[in-house]
Amino acid sequence: MINLELPKKLRASANQAHQVAAEIFRPASRKYDLAEHEYPIELDTMAAMVEGLSDSGGDVSGATGGRKTEGEKDEHATELLGNSNGGNMSALMNALETSWGDVGLMLSIPYQGLGNAAIAAVATDEQLQRFGKVWAAMAITEPSFGSDSAAVTTTATLDGDEWVLNGTKIFVTAGSRATHIVVWASVDRSLGRAAIKSFVVPRDAKGLTVSRLEHKLGIKASDTAEIRFEDCRIPKDNILGSPEVNVEKGFAGVMQTFDNTRPLVAAMAVGVGRAALEELRKVLTDAGIEISYDKPANNQHAAAAEFLRMEADYESAYLLSLRAAWMADNKKPNSLEASMSKAKAGRMGTDVTLKAVELAGATGYSQRTLLEKWGRDSKILDIFEGTQQIQQLIVARRVLELGSDKLK
């Protein structure tokens, strides 16, 4: 029998994250949606709370929460099956619960940047000791490309004991607030994608400039920055993983980042979707519409039938996300499952939130509830960390066992 319940340890951590979402994020959600780029003062208390979750066994602070050290055993592991629920699952549940409160504020939590997942994915043990507790944003996209991560033009040139970075990155989440930026750059443009590496750059490094903050449709509480690197120098050992260029391996090393981050983005969409479903249920109940699990959908009010469809869609996205995170914790290749969870949850999030706005009528479109805000917030979750179309392309390649040269 398959047990889909979370271990006690993870339930406790998720409950704490939900309390933060309910008591801090949700009450401030509308405030920062209307005051874009205003620094959320609530973040000043979040660092201590994140550390508290780690101290209580949540293991969510920084990159160290995203992977286990060699030989480490989870106290809730099943010895015979080798089943472990570790840092990836814990991070996923915390992302889900805090996104239920406000996904923009969730993306602004100190030490929980997407760059932390990148560090967890490819850093050496020594680098994990140095960077495991920093707050890291991730800079990939450039003005000349979006979904094609192999088209990086930012360069990193080795000059003695330092790397010199030059280029421009856009749409960097938490780019003006994080203490460090994980930057994708090429060490040799002539070698193509194989020469793309990731570098940890302190935000106060000389030559790094936050040149612009974007005005956005949703997640307005989160800062989204353009960052320029002009002869930006960082230590030689700030390149994540091996500095060697392996043409046969390509840039699979840096792409491992997405196997960690895509389930997290899926969890964000699941959290927003659940928030919308809960609010919609209240609206429908107040309108006298009964939602029954004992009657066939076609024998119920049309709105109730639509609610049941969306709830089933939400459950499938939730379970796919759990599976992708569980595989990462158990050292199983999860590139296919990570993309499946991101594609499913991203589409579910936009479908559920926008349909909730529609079914709630004037209430959904107004600012009397957060439904319209969730509709705006959800769209980015179907775009960043790889668009819906890119995820479907990756899934197709994995299922058909075709490389990028044969299926574009």
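**Salt bridges, cores and a helix pair**

A total of 26 salt bridges turns up, taking a salt bridge as a side-chain nitrogen of Lys or Arg within 4 Å of a carboxyl oxygen of Asp or Glu. The model is a predicted one, with local features needing pLDDT of at least 70 and side-chain atom pairs counting only at pLDDT 80 or more, while totals for chains, interfaces and linings use all residues. Residues are numbered from 1 along each chain as its sequence is written, and side-chain values use heavy atoms, with hydrogens and water left out.

One of the bridges joins the side chains of Glu 162 and Arg 233, at 3.0 Å from N to O. Glu 162 sits in strand 3 (residues 162–173) and Arg 233 in strand 7 (residues 224–235), so this pair ties together parts that are 71 residues apart in sequence. Helices (H or I, at least four residues) and strands (E, at least two) are DSSP runs, numbered from the N terminus. Glu 162 is partly exposed at 32% relative accessibility, and Arg 233 is partly exposed at 38%; buried means under 20% relative accessible area, exposed over 50%, and partly exposed in between (1.4 Å probe, protein chains only).

Glu 306 and Arg 309 also meet in a salt bridge, at 2.9 Å from N to O. These two are three residues apart in helix 8, so about one helical turn separates them. They belong to a salt-bridge network that links Glu 306, Arg 309, Asp 351, Lys 355 and Glu 358.

Helix 8 (residues 302–329) turns up again as a partner of helix 3 (residues 87–101): their axes come within 7 Å and cross at roughly 150 degrees. That makes the two helices roughly antiparallel. Axes here are lines fitted to C-alpha atoms, for helices over the stretch in contact, with angles running from 0 to 180 degrees between N-to-C directions; angles under 35 degrees count as roughly parallel, over 145 as roughly antiparallel, 65 to 115 as roughly perpendicular and the rest as oblique. Contacts (heavy atoms within 4.5 Å) involve residues including Leu 92 and Leu 96 of helix 3 and Tyr 318 and Trp 326 of helix 8.

As for nonpolar cores, meaning sets of buried Ala, Val, Leu, Ile, Met, Phe, Trp, Tyr and Cys residues joined through side-chain atoms within 4.5 Å, the largest has 83 residues, with Phe 25, Ile 119, Met 268, Val 270 and Leu 381 making the most contacts inside it. Helix 7 (residues 252–286) supplies the largest share of this core, 15 residues. Among the residues that Val 270 touches, beyond those up to four places away in sequence, are Leu 96 and Tyr 318.
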